[in-house]
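Reader: Here is a structure I would like to go through in short questions. Please keep the answers brisk.

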Amino acid sequence: MEFFVNNIYTIILFPLWVFLLIILGRFLNVVQSRRVIALITLASTAYGMVFAIGSFLYMLTASNVPNFAYESSYPFLKIADYSLNFGVYVDNLSLIMLLVVSVISFVVQLYSSNYMWQDKSFPRFFGYLNLFNFSMLGLVLSSNLFQTYVFWELVGVSSYLLIGFWYKKLSASQAAKKAFIMNRIGDFGLLAGTIIVSYFMYQYSDATSLATIPFANISDIGTYLYSYTNDTIFAIICVLLLFGSFAKSAQFPLHTWLADAMEGPTPVSALIHSATMVAAGVYLIARLYPIYALSDWVMNFIAIIGLITALICAYFAITQNDLKRILAYSTNSQLGLMFLALGAGAYTGGLFHLVTHAFFKSMLFLCSGIVIHSLLNQQDIRYMGGLRKHLPTTAICYLIGCFSISGLLFSGFYSKEMIIKSLLENNHYIFAIGFLLVALMTAFYMFRSYFVVFEGEYRGENPPHKTNFILNFCISVLAIFTVLLGYLTHVNFEKFVQFGFNITQSTKNVNPLFISLSVALIGLLLAFVFYNTKVKAIKLPILYKLSYNRFYIDNLYDFISGKMYYVVSRLCAFFDKHFVDGLVILSALGVRSVSWVLSKFQTGNFQSYLAYSVVFLAIVFAGLMFAYTMIIQYSLLSGVGG
Amino acid sequence: MEIDILKSLIFFGFAGAIILFALLSIFSMRILYSLLSAVCVFFATAGIYFLLGADYNAVIQIAVYGIAIPILFVLAIMFTSDKIDKKTYLTIQPRFFFSFLGLGALFLSLIYLIATSLSLSSNSDWIMQKQTMFINKYQMFSALSTGIFTNYALAFELFSVLLLIVIVGISTLNLSKEKTDD
Amino acid sequence: MTDTINLIFDIGLYHYLFLALVLFLIGFFGAIVSKNILKVLISVEFMLTAVNINFIAFASFFDNIHLQGFVFSLFYIAVGAVEIAIALAIFYLMFQSKQSVNTEDYNGGKE
């Protein structure tokens with residue numbers, strides 16, 4: 001068992017090797033067969049799963065379960081006593097993330113081996129999937145913040161490559177660009193924060209080995225940082241670090257990229273933009289939790305941003321007509337809930353929601369992929385309907401997912417219960433009200449999408465195609481996970497998640513069962529009434545427009561980055577042309593004029609050259625004159641000669 | 001202090017003549033006039049040599065500089081200038097003024113340097129270096145002639161070789177314009 | 001007053017050096033300023049004689065044992081004469097192609 005933990009770094013290297021094999025193999029025409037590509041990809045992920053399970057079992061049997069940690073890292077950059085390490089850090093949190101990432105990765109890869117089989121860039125897709133696998137595993141297992149940053153960037157790159165997979169479509173490449181640039185905005189904050197923290201650790205703390213910000217000693221780092229900075233600077237540093245999480249997990253105001261990221265293939269949306277990459281932001285917050293928990297302001301900040309995101313994205317999701325967009329906004333909203341949970345102190349609840357959300361959201365996306373594929377790439381739900389008869393398995397799984405995300409049944413119920421419970425216990429009443437509002441809206445739009453797509457009459461043109469066994473198998477596996485994960489709470493999930501870090505638990509014991517269930521049921525009922533019966537849906541004019549156009553935030557960003565930057569760039573171009581180029585022209589002119597002057601000295605006349613020598617001699621002798629004066633004075637002073 | 005009036009008179013006469021004729025030489029319009037003034041300069045320097053007690057040097061100066069070289073110059077002038085010399089008077093180009101100023105500066109600095117270097121020498125009467133020796137002409141002649149054949153024989157022989165080289169060299173130069181077949 | 005008169009009119013080494021300096025500078029000036037090549041050569045001769053005056057002045061004031069200065073100035077006169085001969089020969093060669101004694105026609109370094 002210990003073998004799995006000691007060699008866990010191999011599960012990062014295996015997908016990298018497969019990626020290189022695929023990409024270089026294409027160049028060298030060695031690896032051509034699609035079947036082989038799919039097989040080795042699945043093999044690498046299965047290998048990762050085996051190791052993850054093995055390490056998890058090892059952790060269970062280890063003696064110090066709440067404080068389990070295994071670290072192995074080596075310095076790769078060493079300047080005097082400042083060193084940056086690279087290695088693996090395995091503790092409860094990373095094991096949980098590892099399991100989630102491996103399993104979902106495996107299922108999605110199995111799904112996409114079938115889904116993308118007809119695509120002519122199938123090998124490239126699988127190469128990118130392996131790259132993403134490598135970066136995500138590296139991120140989850142990394143031992144310090146610098147290494148996390150490296151893999152953070154890699155995940156961003158993989159996301160860019162995968163969103164823009166069909167790069168010939170203009171909207172896809174624009175969406176990829178948008179995602180990458182917004183991620184970069186966050187990365188700037190993350191890097192700045194990392195460097196500042198590293199600086200503080202190097203200069204002021206007792207151990208300069210903390211300069212690489214290892215996660216094993218994150219609470220010490222937090223204590224040092226808090227003691228050496230005042231409140232404002234501490235808050236600024238935390239906000240900078242949070243930027244990264246906000247951008248990666250698409251929080252307000254950097255949330256616009258996630259909806260556009262649906263331009264990528266559906267397996268990409270399932271893997272990256274519902275389960276793993278966007279969860280990386282939450283993971284980072286969980287890792288740096290000891291630092292953030294020291295300042296109440298920072299925690300409130302996280303929670304408020306999370307709440308705002310959750311509310312507005314749920315609001316947007318109500319009126320969308322594209323199936324994948326509805327799911328994208330629901331992902332965004334649930335991420336906001338996770339941030340809200342973490343910020344409000346519901347650490348366990350937030351993380352558990354992360355795990356359950358990963359499973360049912362990816363299942364929902366895979367179901368939507370099946371629907372879209374069977375209707376020949378029709379994504380608008382107004383042209384769907386009554387698909388329950390044609391795609392029964394899909395409908396059942398989708399229904400399970402809807403119940404789960406609304407918090408009514410299965411694992412979603414348990415995770416949302418956990419969150420609202422700790423919110424009410426810690427007296428965060430405003431957050432609780434916001435949470436319930438979001439739950440209402442979530443239930444409403446999810447069931448709206450279910451009813452519009454799967455119930456009623458079919459509104460499209462072409463009859464739907466049948467789907468095959470493998471795709472159904474994938475979503476069924478995820479459905480089983482969704483159903484069963486709920487029982488983990490009975491096994492005391494907290495034990496697995498808090499690694500020696502104590503969050504103050506309130507002594508109150510509230511049972512919010514009635515409130516949360518009733519709120520969700522109201523949402524369900526409203527959706528049922530409006531979309532499954534003959535009652536026409538009400539369209540409130542202004543509110544509808546605001547929601548449908550997503551508060552015009554997209555247009556605002558477009559305006560800023562387009563029009564305003566145009567003005568700025570015109571200014572810069574003017575400056576560049578006249579001042580910078582002017583400087584260059586000036587220096588060229590200077591040289592030319594000097595050389596013109598010097599060329600005047602080049603008469604062909606030898607007598608003028610003699611004249612130059614006269615002038616030179618005059619200067620030399622004048623100099624000698626001064627030298628002689630000094631010599632004379634010196635000799636007079638010391639009484640020599642004369 | 002006693003001044004030897006006659007000596008100073010003679011010196012100033014010859015020195016004035018040198019300077020006057022030198023200036024005349026470079027500022028005269030015609031090349032022949034400048035040559036004639038140059039001859040006067042050389043004769044006057046021979047006078048200076050006599051004052052310094054170097055009779056033999058003076059005589060050689062008159063013979064070589066005063067007679068032989070003007071002959072060479074006259075030959076050159078004869079063969080080359082058949083036009084009016086107006087065009088080849090002095091130039092009014094910038095080098096005139098720059099060299100004038102430069103030479104003035106050089107003059108001043110050199111005067112200063114000479115004065116200071118003389119003042120640093122061991123002798124106390126730095127400006128009044130009197131002639132402490134008087135070499136009589138026979139002494140000079142005999143010393144020179146014995147010197148040429150004993151101490152400075154090598155220099156004498158080398159000089160004769162130099163003359164030989166010059167004669168051979170000039171005779172191999174193609175000084176007359178030959179008509180080529182083209 | 002009498003001191004300066006003594007200084008000026010009591011001939012010493014300095015006067016000969018001064019004379020040689022002035023003659024040298026006049027010759028240098030003439031070499032730069034003259035348009036006629038032959039005048040340039042004459043001015044060069046002035047420079048040579050000035051140097052000679054220098055040698056003989058120093059020799060007569062300081063050297064009464066070996067008489068090196070006098071001997072050297074003897075040879076110097078001879079070498080100067082040889083040099084003039086060569087210069088005139090070269091000048092004549094140049095004159096054959098250019099047919100002019102103007103120094104401005106001999107601009108060799110401008111192209």
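Author: First, a term. A residue is buried if 20 or more other C-beta atoms lie within 10 Å of its own, exposed if 12 or fewer, and partly exposed in between, with C-beta atoms placed from the backbone. This is a predicted model: local features need pLDDT of at least 70, side-chain atom pairs count only at pLDDT 80 or more, and totals for chains, interfaces and linings use all residues. Residues are numbered from 1 along each chain as its sequence is written, while chains are lettered from A and ligands numbered from 1 in the order in which they are written.

Reader: Is A:T194 buried or exposed?

Author: A:T194 sits in helix α7 (residues 170–204) of chain A. Helices here are DSSP runs (H or I, at least four residues), strands are E runs of at least two, and both are numbered from the N terminus. Because 21 other C-beta atoms lie within 10 Å, A:T194 is buried.

Reader: Which residues does A:T194 touch, not counting those up to four places away in sequence?

Author: Contact means C-beta atoms, placed from the backbone, within 7 Å. A:Y149 is 45 residues away along the chain, with a C-alpha separation of 8.6 Å from A:T194. With residues up to four places away left out, A:T194 touches A:L145, A:F146, A:Y149 and A:I213.

Reader: What percentage of chain C is buried?

Author: Chain C has four helices and zero strands. Its elements run α-α-α-α from the N terminus. Of its 111 residues, the buried ones make up 46%.

Reader: Which element gives the most to the side of chain C that touches chain B?

Author: There, 59 residues of chain C are in contact with 73 residues of chain B. The elements giving two or more residues to that side of chain C are α1 (2–9), α2 (13–33), α3 (37–62) and α4 (68–98). The one that gives the most, with 19 residues, is α4(C).

Definitions and conventions: Contact = placed C-beta atoms within 7 Å.
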